[in-house]
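The following paragraphs lead a new reader through a protein model, from the chain as a whole to a single position within it. Please view the structure alongside the text.

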Amino acid sequence: MSNKTISSHKPRIGFTALTSSHQEHMGIGQAVQFPKIVTNDGNGFDQNTGIFRAPVSGLYLFSASMLSHLGLELRCALVHNGNTVANIFAGDGTTYSTGSKSILLNLSPNDDVWVRIIHESDNVYGYAWSSFMGVLISS
């Protein structure tokens with residue numbers, strides 16, 4: 001009888017994406033764009049839509065950090081399959097401001113997660129000041 005080590009291969013899935021330019025006068029429900037890819041292991045993040053689609057089921061950690069324009073407020077949400085799961089607010093009316101949120105989600109294959117605007121005419125500061133990331137914790 002031989003002793004074989006059974007290797008469990010955990011897929012490497014994770015992404016970090018950044019804004020590349022300002023996104024101004026956005027409408028309610030509009031997805032925030034993060035076209036500057038830092039990492040996209042597993043290719044689950046679509047830089048053209050700003051949406052992450054889970055390639056495998058599991059527990060994922062997501063985080064978004066959003067910078068508002070000078071003197072303006074920004075309201076957005078982390079969204080799972082069209083449903084808001086966490087809100088993000090940035091702004092104090094006098095300077096630039098950052099708001100952030102992290103959340104753990106149990107996802108099934110092809111579940112979507114993204115950041116969307118929840119207040120009319122909000123502005124997202126660009127040039128890599130705002131970010132969105134996600135990583136598979138356990139499958």
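Of the 139 residues that make up the protein chain, 42% count as buried. The model is a predicted one. The accessible surface of the chain amounts to about 7,400 Å², and carbon and sulfur atoms hold 49% of that area.

The secondary structure may be considered next. The protein chain contains twelve strands and zero helices, so that reading from the N terminus gives the order β-β-β-β-β-β-β-β-β-β-β-β.

Attention now turns to one residue. Where in the chain does Gly-50 lie? Gly-50 belongs to the loop that runs between β4 (45–46) and β5 (51–53). Is Gly-50 buried or exposed? Gly-50 counts as buried because its relative accessibility is 0%, and buried means under 20%.

The surroundings of Gly-50 complete the picture. When neighbours within four places in sequence are left aside, Gly-50 is in contact with Val-32, Gln-33, Phe-45, Val-113, Trp-114 and Phe-132. Ala-17 is 33 residues from Gly-50 in sequence, and the C-alpha atoms of Ala-17 and Gly-50 are 8.7 Å apart in space.

Definitions and conventions
Residues are numbered from 1 along each chain as its sequence is written. This is a predicted model: local features need pLDDT of at least 70, side-chain atom pairs count only at pLDDT 80 or more; totals for chains, interfaces and linings use all residues. Side-chain values use heavy atoms; hydrogens and water are left out. Helices (H or I, at least four residues) and strands (E, at least two) are DSSP runs, numbered from the N terminus. Buried means under 20% relative accessible area, exposed over 50%, partly exposed in between (1.4 Å probe, protein chains only). Contact means heavy atoms within 4.5 Å. Accessible areas come from the Shrake-Rupley method with a 1.4 Å probe; for residues, only the protein chains shown count as cover.
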